Amino acid sequence: MVQDMLLEFNGVNPILIARDALHEHDTEVRVHPCDWKGGCRMHIPVELKQVSKHLKQHHGINTSATSGDTQKITCLWTGCLDTHTKPGNLSRHVLTQHLGVRWICSKCGSSLSREDAFRRHSLESLSCQSAEVVVDYGDESRVIDLVYIDGGWSASQNVILI
């Protein structure tokens with residue numbers, strides 16, 4: 001009922017966010033639409049832990065499997081051609097390759113795909129040792145202000161918590 005009301009009010013399908021994904025956020029959360037094949041309509045908080053949780057809860061993927069004998073799987077993100085990913089690496093793959101998260105060095109502008117790569121860069125590059133990280137969350141991410149979510153939804157932000 002609320003979903004239909006928001007669709008009529010805003011003219012587009014509402015942003016669906018798992019309510020339990022917001023427990024660690026007080027004022028706002030940055031989300032990105034999931035584009036997993038099969039029509040997932042959820043939006044994922046743009047954090048490694050939340051991507052893992054989403055893949056497990058909504059797509060049945062055990063993202064903790066990383067051992068050498070773990071069978072590699074195909075990423076089913078729309079348009080992805082990666083067929084050799086271990087389930088334990090899939091969350092990081094989705095975060096960096098599909099959600100577009102990058103760690104940017106404030107000193108030299110280097111764009112790195114992972115936070116640990118930025119830390120290594122800042123330690124190894126003499127001119128960047130005092131660098132701050134600037135996180136680029138990708139073009140499709142959106143900040144949701146949790147203050148305006150009342151009763152599990154927000155008409156002004158077109159959001160429903162499920």
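Is asparagine 158 buried or exposed? Asparagine 158 is buried, at a relative accessible area of 6%, where buried means under 20% relative accessible area, exposed over 50% and partly exposed in between, with a 1.4 Å probe and protein chains only. The model on the screen is predicted, so that local features need pLDDT of at least 70 and side-chain atom pairs count only at pLDDT 80 or more, while totals for chains, interfaces and linings use all residues. Residues are numbered from 1 along each chain as its sequence is written, and side-chain values use heavy atoms, with hydrogens and water left out.

**Stop one: asparagine 158**

Select asparagine 158 in the loop between strand S8 (153-154) and strand S9 (159-161); helices (H or I, at least four residues) and strands (E, at least two) are DSSP runs, numbered from the N terminus. The phi of asparagine 158 is near 60°, a positive value in a residue other than glycine. Most residues other than glycine have a negative phi.

**Stop two: the sheet**

Now show the open sheet of 6 strands, which runs in the order S7-S2-S3-S1-S9-S8 with mixed pairing; two strands pair if DSSP finds at least two bridges between them. Strand S7 (142-145) and S8 stand at the edges with a single partner strand each, so one side of each has no neighbour in the sheet.

Strand S1 (residues 15-17) pairs with S3 in the parallel sense over 2 bridges, and the bridge partner of leucine 16 in S3 is methionine 42. Strand S2 (residues 28-33) pairs with S3 in the antiparallel sense over 3 bridges; histidine 32 has isoleucine 44 as its bridge partner in S3, and valine 31 stands opposite proline 45.

**Stop three: valine 134**

Select valine 134 in strand S6 (residues 133-136), a residue that is partly exposed at a relative accessible area of 44%. Its C-alpha atom is separated by 6.4 Å from that of cysteine 105, 29 residues apart along the chain. Leaving aside neighbours within four places in sequence, valine 134 is in contact (heavy atoms within 4.5 Å) with Arg102, Trp103, Ile104 and Ser106.

**Stop four: salt bridges**

A salt bridge is a side-chain nitrogen of Lys or Arg within 4 Å of a carboxyl oxygen of Asp or Glu, and by this rule the count comes to 4. One of them joins the side chains of lysine 53 and aspartate 20 (3.5 Å, N to O). Lysine 53 lies in helix H2 and aspartate 20 in the loop between S1 and S2, so this pair ties together parts that are 33 residues apart in sequence. Another salt bridge joins glutamate 115 and arginine 119 (4.0 Å, N to O), which are 4 residues apart in helix H4 and therefore separated by about one helical turn.

Arginine 114 and aspartate 116 also meet in a salt bridge (2.7 Å, N to O); arginine 114 is partly exposed at 27% relative accessibility, and aspartate 116 is partly exposed at 26%.
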